[in-house]
Amino acid sequence: MKVFGISGSPRLQGTHFAVNYALEYLKDKGAEVRYFSVSRKTINFCIHCDYCVKKKEGCIHKDDMEEVYENLIWADGVIIGTPVYQGNVTGQLKTLMDRCRAILAKNPKVLRGKVGMGIAIGGDRNGGQEIALRTIHDFYIINEMIPVGGGSFGANLGATFWSKDKGKKGIEEDEEGLRVLRKTLNRFYEVLKEKKRIKITKYHK
């Protein structure tokens with residue numbers, strides 16, 4: 001199982017730590033993992049020029065999104081993490097999502113059936129984490145992926161953290177957040193494993 005983790009934070013702090021914690025957790029279960037952070041990357045805005053639709057050769061911008069495209073295509077599952085800015089995902093992550101139109105224009109089925117989960121980190125206890133998760137899930141749904149939460153009684157839409165604006169240290173100290181992350185990761189892994197089993201069964205038939 002191949003899992004691609006994305007941090008939508010411009011800093012290498014709490015979200016960076018949480019996404020890598022998730023990838024290491026899955027790596028211990030046998031998954032192959034890759035990581036991308038928007039920090040210090042060049043990701044130009046989508047300008048709706050329709051180059052991707054007309055040419056079907058990717059995006060008119062040639063920047064660090066090329067690495068994202070490659071890894072999204074490679075992956076069986078995707079984990080997107082974001083800090084909460086103004087009650088939602090970061091501008092950097094939203095730009096990354098907007099730019100994914102280019103690979104869908106080239107191949108509308110390129111992300112179909114891949115499994116996705118979200119991680120959201122807020123400086124306040126109720127800072128918009130679930131709204132950010134819904135934005136991540138909407139991205140998955142629009143691109144025909146399978147969004148996964150942690151299930152009822154404790155994780156629901158996905159992993160949420162209260163960092164108390166202490167960056168990585170705040171995530172490390174949030175025991176409830178780490179428990180919810182592990183619960184969501186277990187569900188994510190189960191769905192990935194089931195999809196892989198179905199794929200193998202169909203292949204052998």
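Me: Which residues lie nearest the centre of the largest cavity?
Reply: This is a predicted model, where local features need pLDDT of at least 70, side-chain atom pairs count only at pLDDT 80 or more, and totals for chains, interfaces and linings use all residues. Residues are numbered from 1 along each chain as its sequence is written, and side-chain values use heavy atoms, leaving out hydrogens and water. A cavity is a set of points on a 1 Å grid over the protein atoms alone where a 1.4 Å probe fits but cannot get out, and its lining residues have an atom within 4 Å of a point. Of the 14 residues lining the largest cavity, those nearest its centre are Cys46, Ile47, Cys49, Cys52 and Cys59.

Me: Which elements give two or more residues to that lining?
Reply: Helices (H or I, at least four residues) and strands (E, at least two) are DSSP runs, numbered from the N terminus. The elements giving two or more residues to the lining of the largest cavity are H4 and H5.

Me: Which residues of helix H4 are buried?
Reply: Buried means under 20% relative accessible area (1.4 Å probe, protein chains only), and 48% of the protein's 205 residues are buried. Helix H4 spans residues 91-99. Its buried residues are Leu93, Thr95, Leu96, Met97 and Arg99.

Me: What pattern does the protein follow along the sequence?
Reply: Start with the parts: the protein has eight helices and six strands. Over residues 1-156, the chain is 37% helix and 19% strand. Read along the sequence, the pattern is β-α-β-α-α-β-α-α-β-α-β-β-α-α.

Key: Buried < 20%, exposed > 50% of the residue type's maximum accessible area, 1.4 Å probe, protein only. 1 Å grid on protein atoms, 1.4 Å probe; cavity = no way out; pocket = protein on both sides within 12 Å on 5 of 7 lines; lining within 4 Å.
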